[in-house]
Amino acid sequence: MIRLLLFIGALMLVVRADPVSNAGAQPVQAAAKRIAFSFDDVPRGAGAFLSEDERTRKLIAVLRSRGVSQVALFLNPGRIDNGAAGKAAMRRIRAYVAAGNVLANHTWLHPHLSKVSAEEFLDQVGKAQVWLDKQPNSRRWLRFPFLDEGGPDKAKVAAVRAGLAARGIRNGHVTAEASDWNIEGLTIAAKKAGKTIDMEGLRDLYVESHVKAADFADELAIKTIGRSPAHVMLLHETDIAALFIGDLIDALRRDGWEIITPDLAYADPIYLAMPEVPWTNGTLTEQMAWEKKIPPPRYYDRNDLKIANPLFAERVLHEKAQ
């Protein structure tokens, strides 16, 4: 036990080492860029183009065709009812697991930690984990809904961190995201409004935004910790993902990325980090850069809806941005 604690402590020192303080040291040789996929809000409701069953079948088929052997699916078990819809959702979840993917915790009902007490939040985490522990291929990783880890309430942040540690649950951080939930929402709204959607433009915007998000996260990590870590990308189980994940994988590989499993990614010691920042929210790379006072930009610009929404209007709807 003592050796294990010493090992974990050593890893934490590696993660929290300040590259700026190592002036004069030999530069770390850049590693190959590696990234894993994670999908939030499973099971998700209907999107703009596919039925829920079609979405699942397509995601599984495309991932298999591209040789991606494992992704992580972060679940809200409380959204699975006992009726026909719940049974259909469970069939989809079992199909994902049968394809080799893993399940993880996204709380029972997806609350904002900043809007509930630490006790209520941990109760939701615990209920979801009891459910997950009965499922095959489950992991003890928690993805905070909205990436909200408690905001500015340091006492709440500390209480939740302690509660997770006591339950043997790790923070299922992400390092890269491109607000695909917003792209999906804009697409659904455009479809309902009867607008013409340029599907090639939608594909290109989706792919480009995520490749740029991955590259931004990697460059920021190198500035912050002196190396390229194993990244985890935040996606959602959407129709757009099902339609274009193959194009995204191809584009990432052309850009020099290797697609790895979440199991391998979360073995990187960077995921033991617990940044001390004024506001705990966002990706791990952003929080660590903020903690180290890395000069801006520290946030990926397309996660700002004032930038993202006009791009969607122009490139997908061919409308003049407001």
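Among contacts in the protein between residues at least 6 apart in sequence, what percentage join residues at least 24 apart? The share is 83%, where contact means heavy atoms within 4.5 Å. The model is predicted, so local features need pLDDT of at least 70 and side-chain atom pairs count only at pLDDT 80 or more, whereas totals for chains, interfaces and linings use all residues. Residues are numbered from 1 along each chain as its sequence is written, and side-chain values use heavy atoms, with hydrogens and water left out.

The protein has eleven helices and ten strands; these are DSSP runs, numbered from the N terminus, with helices (H or I) of at least four residues and strands (E) of at least two. Of its 322 residues, 51% are buried. Buried means under 20% relative accessible area, exposed over 50%, and partly exposed in between, with a 1.4 Å probe and protein chains only.

The pocket and cavity terms rest on a 1 Å grid over the protein atoms alone: a cavity is a set of points where a 1.4 Å probe fits but cannot get out, a pocket is an open set with protein on both sides within 12 Å along at least five of seven lines, and lining residues have an atom within 4 Å of a point. The largest pocket has a volume of about 490 Å³, a volume being the space filled by probe spheres set on the points, which are joined across faces, edges and corners. Its lining consists of 26 residues, with Phe146, Leu147, Glu177, Trp181 and Leu234 nearest the centre. Strand 1 (33-42), strand 8 (230-236) and helix 10 (284-291) are the elements that each give two or more residues to this lining. By class, the lining of the largest pocket comprises ten nonpolar, nine polar and seven charged residues; Ala, Val, Leu, Ile, Met, Phe, Trp, Tyr, Cys and Pro count as nonpolar, Asp, Glu, Lys and Arg as charged, and the others, Gly among them, as polar.

Phenylalanine 146, one of the residues nearest the centre of that pocket, lies in the loop between strand 4 (138-142) and strand 5 (148-151). Its phi is near 65°, a positive value in a residue other than glycine, and phenylalanine 146 is partly exposed at 44% relative accessible area. Histidine 110 also has a positive phi, near 70°, but is buried at 12%.

Helix 6 (180-192), helix 7 (199-225) and helix 11 (305-315) each give two or more residues to the lining of the largest cavity, and helix 11 supplies the largest share, four residues.

Helix 6 also contains glutamate 184, which is buried, with a relative accessible area of 7%. Beyond residues up to four places away in sequence, glutamate 184 touches Arg44, Gly47, Thr238 and Ile240.

Helix 7 packs against helix 10 at an angle of about 35°, with their axes 9 Å apart. Axes are lines fitted to C-alpha atoms, for helices over the stretch in contact, and angles run from 0 to 180 degrees between N-to-C directions. Residues of helix 7, including Ala217 and Leu220, meet Thr285, Glu286, Met288 and Ala289 in helix 10.

Two cis peptide bonds may be noted. One joins valine 42 and proline 43, with omega about 0°; another joins proline 296 and proline 297, with omega about 5°.
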